[in-house]
Amino acid sequence: MSYGLTRKHMMKVAFDYADVNVAAGRFNNERKSAGQDWLKSFCKQHNLSVRNPEQCSIARAMGFNEVQVTRFYNNLKSCYLEKKFPAHRKFNMDETGISTVPNRTPKVITPKGKKTVCKISSAERGQTVTAVCCMGATGVFVPPALILPRKRMNRLLYKDALNGTLPLISDTGSMNSHLFIDWLKHFVKHAKPSAEDPVLLIADNHTFHCSLPAVLFCPENHITFLILQPHASHVLQPLDKCFVAPLKVYTHLKL
């Protein structure tokens, strides 16, 4: 239910339960709580562990449910039955923000007792660059697009980028409906969909993915565009689950 018990709450509940059953003598009566040793023994006995939870909004917690997931897979099944897409013609597209400054810096060796230990970076906070990734079920991928937060294009900023990378700019460094059309043209250039060999493209349901120009563009270019259910991409999005996290780790190690 995403409302897990904390250690402190668990020990308090254990004390209250023991107190009701006249068995709280072994616990700390001043703090009205069970102890750490009891918690460790209880977790070991019942195969439980104490873990750091991931933050999840109420919208995501409510959006990921059986009805929504079933609806998505029904839509996916109908798309497949209609056009019989082979595995190499099924693509998944996702955007992710990569900071120019790593959130976690690697540990460095320093003399004991030193008060301040720093590591040089481009800035303390950095800027966020949006990477648009797209790949097929068999590992075939479309060269990425990089969206920089700029007013004017500067090709030097894309030096040493992957061959075929689509350079884009926006005021905020994030995707919008106009840039999405540019990316769709980039996708058509590399995926080469046709009437005899159409493609299936799966993406999340951002508003700019569902704009009228995008909705009209896809059928005209033999793209079946399937969107994920609202607030469920953190579980249903394959790139989100298997690719984006390692990409960010690798990028930050390189930084």
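User: How much of the contact in this chain comes from residues 24 or more positions apart?
Analyst: Counting contacts with a separation of 6 or more, residues 24 or more positions apart account for 63% in the protein chain. Keep in mind that this is a predicted model.

User: Ok, and what is the chain built from, in helices and strands?
Analyst: There are nine helices and six strands in the protein chain.

User: How much of it counts as buried?
Analyst: The chain has 255 residues, and 33% of them count as buried.

User: Let's go to the strands. In what order do they sit in the sheet?
Analyst: The order is β4-β3-β2-β1-β5-β6. It's an open sheet of six strands, and the pairing is mixed.

User: Which strands stand at the edges?
Analyst: Those are β4, residues 166-170, and β6, residues 223-227. Each has a single partner strand, so one side of each has no neighbour in the sheet.

User: And what does the twist average?
Analyst: From one strand to the next, the twist averages 25°.

User: Back to β4. How many of its residues are buried?
Analyst: Four of the five, so β4 is mostly covered.

User: How do β3 and β4 run, and how many bridges join them?
Analyst: They run parallel, with five bridges between them. Take Ala145: its bridge partner in β4 is Leu166.

User: What about β1 and β5, how many bridges there?
Analyst: Three bridges join β1, residues 90-99, to β5, residues 199-203, and this pair runs parallel. Within β5, Leu201 stands opposite Phe91.

User: Which strands does helix α4 touch?
Analyst: Helix α4, residues 66-83, packs on the sheet and touches β1, β5 and β6. Its direction makes about 170° with that of β6.

User: And α5, which strands does that one touch?
Analyst: Helix α5 covers residues 177-191 and also packs on the sheet. It touches β1, β2, β3, β4, β5 and β6, and its direction makes about 155° with that of β3.

User: Switching to the start of the chain. At what angle do α1 and α2 pack?
Analyst: About 95°, with the axes 10 Å apart. Here α1 is residues 7-20 and α2 is residues 36-45. Angles of 65 to 115 degrees count as roughly perpendicular, and therefore α1 is roughly perpendicular to α2.

User: Which residues make that contact?
Analyst: From α1 you have Arg7, Met10, Met11 and Ala14, and from α2 you have Gln36, Trp38, Leu39 and Phe42.

User: How do they divide into nonpolar, polar and charged?
Analyst: Six are nonpolar, one is polar and one is charged.

User: There's a loop between α1 and α2 with Ser33 in it. Is Ser33 buried or exposed?
Analyst: Ser33 has a relative accessible area of 13%. Buried means under 20%, so Ser33 is buried.

User: What does Ser33 touch, leaving out residues up to four places away in sequence?
Analyst: Ser33 touches Met11, Lys12, Phe15, Phe27 and Asn28.

User: Last one, Thr6. Where is it?
Analyst: Thr6 is in the segment before α1. With a relative accessible area of 46%, Thr6 is partly exposed.

User: What lies 3.2 Å from a polar atom of its side chain?
Analyst: The backbone nitrogen of His9 does.

User: And how far is Thr6 from Asn52 in space?
Analyst: Thr6 and Asn52 are 10.0 Å apart, C-alpha to C-alpha, although 46 residues apart in sequence.

Definitions and conventions:
Residues are numbered from 1 along each chain as its sequence is written. This is a predicted model: local features need pLDDT of at least 70, side-chain atom pairs count only at pLDDT 80 or more; totals for chains, interfaces and linings use all residues. Side-chain values use heavy atoms; hydrogens and water are left out. Axes are lines fitted to C-alpha atoms, for helices over the stretch in contact, and angles run from 0 to 180 degrees between N-to-C directions. Helices (H or I, at least four residues) and strands (E, at least two) are DSSP runs, numbered from the N terminus. Angles under 35 degrees count as roughly parallel, over 145 as roughly antiparallel, 65 to 115 as roughly perpendicular and the rest as oblique. Contact means heavy atoms within 4.5 Å. Ala, Val, Leu, Ile, Met, Phe, Trp, Tyr, Cys and Pro count as nonpolar, Asp, Glu, Lys and Arg as charged, and the others, Gly among them, as polar. Buried means under 20% relative accessible area, exposed over 50%, partly exposed in between (1.4 Å probe, protein chains only). A polar contact is a pair of N or O atoms within 3.5 Å; within protein, one must be able to donate a hydrogen and the other to accept it, and residues adjacent in sequence count only if both atoms are side-chain atoms. Two strands pair if DSSP finds at least two bridges between them.
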